[in-house]
Amino acid sequence: MKKKKIMVIDDEPFISMMIEDKFKDNFQVLSIRDSTLALDAIKKEKPDLIILDWMMPRVSGLDILKSIKAEPELKEIPVFMLTAKGQEDDELAGLKYGAERYITKPFSPRELLELVIERLGRS
Amino acid sequence: MYKLRFIYMLFLILFAVVILTVAPLLLLLKTQGLEPELITERVLIITFYSLIFAFLISLFFSRSITKPLNILKKASARVRAGELDFGIPQRDRIDEFSDLVKTFNHMLKGLKEKTEELKKKEAYIELMTDPLIVTDEDGRVIDMNPAFTRLLGYERSEALELNINKVFPHLFREPNLSIKDLKSWPEETKAISKNGEEIPVLISPTPIKFNGSSRLVITIKDFREGLKLREEIRLSRDYLESVMNSIQDELLVIDKDFRVIKANHAVIKRIGSNPEGRFCYMISHLLERPCEEIQKLDCPVQVVFTTKRPFVTEHEDLDSEGRSRTYEVIAYPVIENGEVINVIEFARDMTDKKQLEKELIRRNKNLSLLNEIAAILAKSLRADEIFYSVLEKLKETFGMDGGGIFIIDRETLICRYHSGVSEEFVRQAGRLPLGHDIPGRVAQSGMIITSLDVSRDPRLERSMLKHSGIRGYCCIPLKGKERIHGVFCLFSFKPFHWTMDDEEVLRAAGEMMGLAFENITLYEKVQGLYRALKDKRQKELENLSIMVDMLSGTRGLNELLDASLLFIKERLNPDLVGLVKIDQTGNLILRKVLPQLKELNEPYLLYKENVSSQESLSIKESVIIQVKDIKQEPRFYYNEIFKKDFNSCLTIPLTTGEKNTGCLSLYSRTPRDFTEEEIHFLKIFSTVLALSIERSEFYENILKQEALSTTILDSIEDGVYTVDRNGYITSINKAAEEIFYIRREKILGKKCSEIILHGAERKLCGTDECPLSIALRGGSSSTEIEYLNPKGRRFILQVNCLPLKDPVTGEVTGALQVFRDITGQKELDRMKTEIIRSVSHEFRTPLTAIIGMTEMILNGDVTGERAREYLGIMYREGLRLSKMISELLDISRLEKREFFKVGPVEIKKIIESIKEGFSDIIEKKEGFIAIKVEGDVSDFTGDQDKIEQMLRNLVDNSLTYSDLGVRISLIIKKVDDMLEITVKDTGWGIPEEDIPHLGEKFYRGTHGEKTKGTGLGLSLVKEIVKLHGGTLSIESKVGKGTSVQIKLPFQRQVE
């Protein structure tokens, strides 16, 4: 059976690296470092789930989230937001714009994997 | 030489041998009778052999002589070559040669010792760092050491031609001065070097005797360093001195012997001379001996020496201009090894503070005196009783020996009360024509007359007081509303100095008494009427009698009104009786009503100023109006409350002579005709009531106004204003004026809602939540509001509102609003939250690596090389965390001004370091940086590291907040003694609303969402600029770029 596709959008290489390493047994992981390219990549790849960093240079995670939710063919993709803020109001803003989960840094890669498996099922 | 001598000797020996062998042989052969030929032959043979034999012998001998000679020869050659460190081996045989060797070796040893000694001396002289010269009696240099050359540049040969007056011309300014006159102790002078340079030196000439002639040894010490040191000491001393002198307080430093060792300008100015070396008492008093000896036990310095603790005392003294001042004298110990070595004594001029205190005490005192007088006046309506009480009170307060009260009776001034003078004197001076003597003049002119000493006062030359024994004296008019009713006098048998304040209080007392007297006169008139009516109307008489008692007995205004209305209600039995007052704007206010109506709260705005009502006409025209049926009355408008329930109405104006201040209204449910007697009674009653009200109000006003003394209010930092019971502003302090940005005159008499024109609190106006209306209902409140003043400044105010209550009745008479500006405090709170937020945020990203990766390594998700890579990242992120923490610490250190090292700044080096440090990132960003230095910036001083850090942070910011292809220019130039640094970029720019917040710690503007940063960079820059005494300005346009300009002074002020 084909592995499900997870897209990680984070400018911090080590975050993508960790997720790739942790997820590679269960999922196919695509990493995007440059947030300006993120939307095109999502359209092209149509991942099954997106892990999206909030704070990135130029185009922020929230901008991308808004764009995803504005596209009819993308808006069903579940989005997990990563944030370093850990503020309630930010969480609310993220959920308001349609993020499915809200993961506060520092996070446990194991727990993240469990959450993704819980959402997508084991491949 | 040796060889020739040797050959010569050889021949001599040979010759001797031949002679010695051949001659005997010839003799022997002759005697044997041998043939001559044979003899010759034999002789030749023998000679030949003996020659060979002799040669061999001589050869053997000569060898034993030449060998030792050669050894000696070689040894002497080694000595000549400078080698001294050897000896010739001694032989066992004792002969002439071994003696020679011994002597030679001995000599060699001696030679070696001498040479070494010489070498040492030479080396010492060579190595002497301080120059040394030796001169003969005439001052010619005859020897010198190399240090002399090093210092002054003269080579030895040149130096030996010198005379010392050429080297030290400053010492030999007088031509006849010879070296004998030179002092043999160190002296500071200047030496002239070979190339004419003047070098400060310290010389110490020492005369010595050498082989019978005089020599002078001069050691020279280079004093340039010493001078520098001295200059530094002088500078630091100057600095200290200027610090001391810049202090306005007087300052003395006193040593253990109680002598002044230092005094600043402030002291010198007051004393008029420099007290250094002298003894002082309380700073300004010069003494011949220390305080201790002359038993000045309160001398702070002495106290500090014994107690070792700071001591503060107060001291009255004269300032440099001879004015009396109060000084706070503080003595402070300087302790070294547990002993007080010096005492620093300060004197601070506390006069103004003291005066303020005194002023407050005085005002309080005056206020309480007037209060007491008011109480006396309110207590009684009997003139003589009042005169007695008031005068005795004043006498007691001012410590007077006596006084008197004079009342005008037509053209005469008659003494009504007196104390402290003889009856005889009263008989003489008890009746005065108006305008005569002091009381007469005061009564006529209304002026106050005071005298320090009557017996010496030229104005009183012809007064009866002159020879009465009275010295200190004052005479005050009793001023009524329109005219002067008399005077009162106070006197003492000692001279008395009247202050302006005294005069003011006395004037007020005079006015109060004048008004009281008017009331009393009217009261007495009423009493006269009362007597006239006595026979006719017994009941009315009783009423009046009760009324008069009532009115004269009541104290507070409210009590008076309550009692008056109750009195009318009881006597005349109207269904409703009300007291209506007219306020400043002409509105009619129902001040008191009986019975209480539930529809209205007192005071109640009955009719607006221009409403035509029965009451307003009655007041305006001063007439009594009776309307039998108000429902049918076409002339007047009636309030619904009355119209609904009542039928007839009687109004009587309240008259106080010149104007009507209100009226009494009596309403009846049934049509009623008041009898003439009733109206007559009401007429009298209203007159007395009006006067009583006025009297009460007058006293209450005095108390109220004084109580809210503006001085006190203005000294409060919080804004304060008060309103009356209708919400009109009655007073406001300075702080409130500033917050509202409005002048006092424009506010007074207006409603609060007219001032507060902006801001969120506006919606409270007119509602029950309005703090003022809460307070006016008797409650207190505390709220926080945001307020934008007319100047556009935003405040966050903590508003506390309290009701003002009548001290006697407890009735709410107004409200007091206090507002504290808590804008700064709020701002601090906001920044604190922001800091915590930023810190937690910035620390989370590195922590993600550290925690997440550790988990994966522990879990075995990654192993081997990959795990190593993970560790590398964890290490790097750990470092990042650590760097952020140091940056935070750096700022707090800078703020505390630690680690600020000033020195020459090498701009070139900084630029190179920046170019190198950023080249990678610039390349990555496809950017470009242009660096330019204009003008000579080499002599700029500051903290090199900090300047570099500052520029780094700025360039880093330009690179962080920009897209690919950013262009940055860094220009450093000198403009009028300022180092101007401009960093300009083509980055994203900063939104206008962020600019004022730049440089706040952790402030991450709009772009903070998109980038990483600590929010500390620019605050570090700001701190560094501040440390260098410079300025920072930022111009930016979104989408265009940012330009940061820093100006740092070349010459920094001493901080």
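Two residues are in contact if their C-beta atoms, placed from the backbone, lie within 7 Å. This tour of a predicted model uses that term throughout; local features need pLDDT of at least 70, side-chain atom pairs count only at pLDDT 80 or more, and totals for chains, interfaces and linings use all residues. Residues are numbered from 1 along each chain as its sequence is written, with chains lettered from A and ligands numbered from 1 in the order in which they are written.

**Stop 1: chain A**

Please select chain A. Its secondary structure comprises 5 helices and 5 strands; helices (H or I, at least four residues) and strands (E, at least two) are DSSP runs, numbered from the N terminus. Along the sequence these elements follow the pattern β-α-β-α-β-α-β-α-β-α. Of the contacts in chain A with a separation of 6 or more, 55% join residues 24 or more positions apart. Chain A has 123 residues, and 40% of them are buried. A residue is buried if 20 or more other C-beta atoms lie within 10 Å of its own, exposed if 12 or fewer, and partly exposed in between, with C-beta atoms placed from the backbone.

The mean for chain A is 85, and 89% of its residues reach 70 or more. Among the elements of chain A, strand β1(A), residues 4-9, has the highest mean pLDDT (93), and helix α4(A), residues 88-96, has the lowest (62).

**Stop 2: where the chains meet**

Next, display both chains. The contact takes 21 residues from chain A and 20 residues from chain B. Which helix gives the most to the side of chain B that touches chain A? Select residues 823-859 of chain B: this is helix α25(B), which gives 14 residues. By class, that side of chain B has 7 nonpolar, 7 polar and 6 charged residues. Here Ala, Val, Leu, Ile, Met, Phe, Trp, Tyr, Cys and Pro count as nonpolar, Asp, Glu, Lys and Arg as charged, and the others, Gly among them, as polar.

**Stop 3: the largest nonpolar core**

Chain B as a whole has 1055 residues, of which 28% are buried, and its secondary structure comes to 29 helices and 36 strands. A nonpolar core is a set of buried Ala, Val, Leu, Ile, Met, Phe, Trp, Tyr and Cys residues joined through C-beta atoms within 7 Å. Select Val390(B) and Val487(B): within the largest nonpolar core, which has 47 residues, these two touch the most other members. Elements giving two or more residues to this core include α10 (351-379), α11 (383-398), β18 (484-492) and α14 (500-533) of chain B. The most, 9 residues, come from α14(B). A second, separate core has 39 residues, including Trp54(A), Leu62(A), Phe80(A) and Met853(B).

Leaving aside neighbours within four places in sequence, Val487(B) is in contact with several residues, among them Phe406(B), Pro439(B), Val442(B) and Cys475(B).

**Stop 4**

Strands of a sheet pair through backbone hydrogen bonds, either parallel or antiparallel. Two strands are counted as paired if DSSP finds at least two bridges between them.

One open sheet has 5 strands in the order β2-β1-β5-β4-β3 of chain B, with antiparallel pairing. At its edges, β2 (141-144) and β3 (187-192) of chain B each pair on one side only. From one strand to the next, the twist averages 35°. Strand β1(B), residues 132-135, pairs with β2(B) over 3 bridges, and Ile133(B) stands opposite Met144(B).

Select Thr722(B) to find its bridge partner in β26(B), Ser731(B).

**Stop 5: a hairpin and a parallel pair**

Finally, select residues 967-975 of chain B, which form strand β33(B); this strand pairs with β31(B), residues 928-934, in the parallel sense over 7 bridges. Val933(B) stands opposite Ile972(B) in β33(B). What lies on the antiparallel side, joined to β33(B) by 8 bridges? The partner is strand β34(B), residues 978-985. The two form a hairpin with 2 residues between them, and Asp976(B) in the turn has a positive phi of about 40°. Val975(B) stands opposite Met978(B) in β34(B).

Terms used. pLDDT = per-residue confidence, 0-100. Axes fitted to C-alpha atoms, helices over the stretch in contact; angles between N-to-C directions.
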